[in-house]
Amino acid sequence: MVVVDYAALNVESIKVTLDEAVLIIVLDRAKQRNSYGGTLPTELIEMFTFADRDDRVRVVVVTAEPDAPAYCSGADISSGWSQLFKPEDEAEGETGALPWTHRINAIDVVVAHRDTGGKLSMAVYNCRKITIAAVNGHAAGVGMTAMQLPFDLRFVWEGAKLVFPFVRRGINAEATSSYLLPRLLGHSRANSLLLTGAVVSPTSPLISSLYHEIIPRREDVFPAALKLAKDLASNTSQISIAYTKGLLQHPGDTIEDNHILDSRAIRLTGSSADAAEGAVAFKEKRPPRFPDTLSKNSSPWYPWWKLVDVRHRKAKL
Amino acid sequence: MVVVDYAALNVESIKVTLDEAVLIIVLDRAKQRNSYGGTLPTELIEMFTFADRDDRVRVVVVTAEPDAPAYCSGADISSGWSQLFKPEDEAEGETGALPWTHRINAIDVVVAHRDTGGKLSMAVYNCRKITIAAVNGHAAGVGMTAMQLPFDLRFVWEGAKLVFPFVRRGINAEATSSYLLPRLLGHSRANSLLLTGAVVSPTSPLISSLYHEIIPRREDVFPAALKLAKDLASNTSQISIAYTKGLLQHPGDTIEDNHILDSRAIRLTGSSADAAEGAVAFKEKRPPRFPDTLSKNSSPWYPWWKLVDVRHRKAKL
Amino acid sequence: MVVVDYAALNVESIKVTLDEAVLIIVLDRAKQRNSYGGTLPTELIEMFTFADRDDRVRVVVVTAEPDAPAYCSGADISSGWSQLFKPEDEAEGETGALPWTHRINAIDVVVAHRDTGGKLSMAVYNCRKITIAAVNGHAAGVGMTAMQLPFDLRFVWEGAKLVFPFVRRGINAEATSSYLLPRLLGHSRANSLLLTGAVVSPTSPLISSLYHEIIPRREDVFPAALKLAKDLASNTSQISIAYTKGLLQHPGDTIEDNHILDSRAIRLTGSSADAAEGAVAFKEKRPPRFPDTLSKNSSPWYPWWKLVDVRHRKAKL
């Protein structure tokens, strides 16, 4: 287990607070319209790695200052897209001593570049705690993708302008958005959003199903997210969340596979101290006090899927 | 073919009627709030096995008495979750002479426990007839999962309180819900429902797309479901339904795979007596009278997918 | 690259115009209620093959005359379904010298028939340009499937009557609809539509998420679609669209796979002339003028998935 002193962290682009079991991350680059640059990507990735391993954290909330120009305005492309490509890509070489050659759809893919938005997407997606994006401002590009799609739940301000502008900028959908968005709300809506690059409102039927809740006033977005975060932090089992997220992300290929997996999972969770407390608290009509944590009570069977490390070999984060 | 005398069945927890080609199953455990216990699971599983094989049955409807305390209140956990684990699990042993070791995502899974909710889910999901849940009351836990998700269509009372409470009870999503729910309405809504454990109304945008129809008055739910059931029983081809369900559940991995599969299927169904009758009835603007049945007119090509039996070896139902 | 003189095409069932970069295809079988017959299927398939290869085409729009009896009334079954089966199927033989035997879900499938609707579905789906269906009239059967589902975006007239009638005609869902429809709007809605064969309105919650936009007046459907088509033709990169469509259709099996794929893609698109122009135009707040085209600027890496040709060997289109 990791125990982090969040108050003592040396970070520039975010403010971090552990409020009871909720890790609150506030973007702090308002002068740069909260663009996805500077130290922001690496600091966010580090926080989700910490949150995953720190037993005290049960929920993570990411938000912006409600008076910032945007929740996240995307990448800063004032000097073009080539800034996306980092020296560590070149250090790896295009076909040389790469960490990972992978057979995808029968084609060997050897590639050095690792999209920075995608690195964050994977850190959020693979975090075993509940993750919530409180989108209290406009969002564009990676502000829509890595900063929203891999989260479990999204709250949004009704007045936010939302856009996936990639096809209008000469690049392609990034940050694993082509994987996540159709799974979240179906290919019909994903096509409308990714292939038109249109600016939409949260209440548009094209995107509304992406959001857990749409909040009329901008300043109420984070409080609403925090209220649910505290409820979930107090009243859900850390193991239950991790296993249920695992089952949603790695359900097996067929219903029979899934039956075997969730049976195995429930045999483990159902015999736990958390399950005993959950049943007693329900019977006594009182809030539960779940004692189990991932570092103390995890089974060697979990995770049941193959973990793949796709980071650079020479320049791992 | 199986021909069952449903009126003579020795069942305790349900009432069963064959009304023309509609098999009506009414839950009959109102005193236990229609909890998923006693003989209910095995009786329901048996009925879906019968319905699958009995050519006279074209549609199955499951409902509750409209004045019962709930459509299905879930498992009875008054004595904890360990009641979920049965002696037959132990009889199989954890790593011993198991019926099925399966390589899922590159990990060999050996597991004895078989979740009872999941057994029903598979029986409903694999039934080749149309299945309808008429949810005329509150539903919780397995009352949301096995009792609703594997059905083809769901009707619901607008006033029903609906909840997937697993993460608030110390266990994980069960009964193949982590497989079925995201497929039914997308991962965005599935996350909101399974990871928060919130109580929702059928008209909530978080869950409304789960339902074929939302009915204002509780006593009108079953009649609405039965009306559609009778329409479908009279006017759809048993073979058409089975092949279309098969294609939806086993579509192939790519559009090309699917093209080959549905071409093969339509070569078979398109040459059938049902297709001839369907074309003539359409031309003559009269209801069709489809003669084909699964036991008499099925092709050796169907099913084209691999059937997997994941039941216990020593204690098969 | 293909350069087609669309004005000089010898076609019977459609009218074709290249309007700037938008290829407009108007169905011209109003006397046959725009049924999917005669030369219509082969002419449509040919147009999408041209559109895919002709660099001048950036968007394809299919529509009907707004005063036609239907957008597309489906197959003409006045002489039964057997008309679906063509001599070239027989020429191939059922188990003989077939072009393609394929292991789908562990079963070798050998099949001669190729569903004509599915042939069009694949031609539309695999077209690398933006495809839009402007459904300005009623639609049934293949008029719902091949004529709508494989398109990127669908506009529809609010008054249209829409129906997937297969199970009421004795056949099964065809034209790859069992693959496409659940992916577009989820299995809950796909079941409701394909298993009931009900006639629905575009505003029904069962189908509304299929449509990019629902237009009150019939005569406004095509103009609305054309307006978006022209916007996209002028302001999107041909390469960006092709790569983003490729990523949506072939995203990899896991988020890690997808990260590797979209990183590779963005390394290529991000270094392109289109990306440079996209960044500069954005900075200068002017519309972009994208210079790249698929035939001139494609990478040998694209497509990264395996292309499969499932056409008849002896009777290729």
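Visitor: Which strand of chain C holds L153(C)?
Guide: This is a predicted model. The strand in question covers residues 153–157 of chain C, and L153(C) has its place there. The strand is β8.

Visitor: Is L153(C) buried or exposed?
Guide: A residue is called buried when its relative accessible area is under 20%. L153(C) has a relative accessibility of 1%, so it counts as buried.

Visitor: Which residues of chain A are in contact with L153(C), leaving aside its neighbours within four places in sequence?
Guide: Within chain C, the contacts of L153(C) include T131(C), I132(C), A133(C) and H212(C). T131(C) lies 22 residues from L153(C) in sequence and 6.6 Å from it in space, C-alpha to C-alpha. From chain A, the residues in contact with L153(C) are N191(A), S192(A) and T196(A).

Visitor: How many residues of helix α5 of chain B are buried?
Guide: The helix covers residues 187–196 of chain B and is mostly covered. Among its buried residues are H187(B), R189(B) and L195(B). The helix is followed by G197(B), with a positive phi near 60°. The buried count for the helix is 10 of 10.

Visitor: What area is buried between chain C and chain B?
Guide: Chain C brings 53 residues to the contact and chain B brings 60. R168(C), N172(C) and L195(C) supply 14% of what chain C buries against chain B, more than any other three residues. Carbon and sulfur atoms give 63% of the total, which is about 4700 Å².

Visitor: Which side chains meet in the salt bridge between chain C and chain B?
Guide: The count between these two chains is 1 salt bridge. Its N to O distance is 2.8 Å, and the partners are R168(C) and D231(B).

Visitor: Which element gives the most to the side of chain C that touches chain B?
Guide: Polar contacts across this interface number 21 residue pairs. Elements of chain C that each supply at least two residues to that side include β4, α3 and α4. The side divides into 25 nonpolar, 19 polar and 9 charged residues. The element that gives the most, with 9 residues, is α5(C).

Notes: Residues are numbered from 1 along each chain as its sequence is written. Chains are lettered from A and ligands numbered from 1 in the order in which they are written. This is a predicted model: local features need pLDDT of at least 70, side-chain atom pairs count only at pLDDT 80 or more; totals for chains, interfaces and linings use all residues. Side-chain values use heavy atoms; hydrogens and water are left out. Helices (H or I, at least four residues) and strands (E, at least two) are DSSP runs, numbered from the N terminus. Buried means under 20% relative accessible area, exposed over 50%, partly exposed in between (1.4 Å probe, protein chains only). Contact means heavy atoms within 4.5 Å. Buried area is the accessible area (1.4 Å probe) that two parts lose on being put together, summed over both. A salt bridge is a side-chain nitrogen of Lys or Arg within 4 Å of a carboxyl oxygen of Asp or Glu. A polar contact is a pair of N or O atoms within 3.5 Å; within protein, one must be able to donate a hydrogen and the other to accept it, and residues adjacent in sequence count only if both atoms are side-chain atoms. Ala, Val, Leu, Ile, Met, Phe, Trp, Tyr, Cys and Pro count as nonpolar, Asp, Glu, Lys and Arg as charged, and the others, Gly among them, as polar.
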